Amino acid sequence: MRAVVQRVLRANVTIDGVEAARIGQGYLILLGVAADDTEAEAERLWKKIFSLRIMEDEAGKTNRSIDDVGGDVLVVSQFTLFADCRHGRRPSFTGAGDPAHANELYEYFVSLARADVPRVATGTFAADMKVGLVNDGPFTIVLDTDTL
């Protein structure tokens, strides 16, 4: 699994011109699922994200977790995180999980987040979404379960 974690002041998802989800301060997580990912990868990735101390304290230092600040989470599926651009000019997405498998693990990841964070919003799996955000910092981290 791969995740792009962005610390945000706010973020939202719009589908067909209608806002489908919105959060305040917290994390926007763009989540990609690989063909061979399992629930174990989802658990490891969520545990890492939940324990990250990337929220600012009173001194402006990154010493707090999402839990410490009572932050929100917005999870958006993004198979393009598995784009392979090594050959030609058109990316290949063969490394991404098939839609049924990816959706199952996406939903499982969201359930893990909901067990720990009071406000978790989501995009709609496989929808054409417009994602808006105000990145706080900017602060963005890329995580891959192959290297955690």
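**Terms and values in the model**

Modeller: The buried residues of helix α3 pack against β3 (26-32), α1 (39-51), β6 (72-77) and β7 (120-122); a contact means heavy atoms within 4.5 Å. This is a predicted model, in which local features need pLDDT of at least 70 and side-chain atom pairs count only at pLDDT 80 or more, while totals for chains, interfaces and linings use all residues. Residues are numbered from 1 along each chain as its sequence is written, and side-chain values use heavy atoms, with hydrogens and water left out.

Biologist: Which residues of α3 are buried?

Modeller: They are Ala102, Leu105, Tyr106, Tyr108, Phe109, Val110, Leu112 and Ala113. Buried means under 20% relative accessible area, exposed means over 50%, and partly exposed lies in between, with a 1.4 Å probe and protein chains only.

Biologist: How do you know that the span of helix α3 agrees with its number of residues?

Modeller: The expected span is 1.5 Å times one less than the number of residues. For the 18 residues of α3 (residues 99-116) this rule gives 26 Å, and the end C-alpha atoms are 26 Å apart, so the two agree. At the start of α3, a side-chain oxygen of Asp98 comes to within 3.1 Å of the backbone nitrogen of Ala100.

Biologist: How many helices and strands are there, and what makes a run of residues count as one?

Modeller: The protein has 3 helices and 8 strands. Both are DSSP runs numbered from the N terminus: helices are H or I with at least four residues, and strands are E with at least two. From the N terminus, the order is β-β-β-α-β-β-α-β-α-β-β.

Biologist: What makes the radius of gyration of the protein agree with that of a compact globule?

Modeller: The globule rule is 2.2 Å times the number of residues to the power 0.38, and the radius is taken over C-alpha atoms. For 148 residues the rule gives a value near 15 Å, and the protein has 15 Å, so the value agrees with a compact globule. Buried residues make up 43% of the 148 residues.

Biologist: Are Arg7, Glu56 and Asp136 buried, partly exposed or exposed, and how do you know?

Modeller: Arg7 has a relative accessible area of 2% and is therefore buried. Asp136, at 18%, is buried, whereas Glu56, at 40%, counts as partly exposed.

Biologist: Why is Asp16 called exposed?

Modeller: Its relative accessibility is 74%, so Asp16 counts as exposed. Asp16 is placed in the loop between β1 (2-15) and β2 (18-23), and its phi is near 50°, a positive value in a residue other than glycine.

Key:
Polar contact = N/O pair within 3.5 Å; in protein donor to acceptor, adjacent residues only side chain to side chain.
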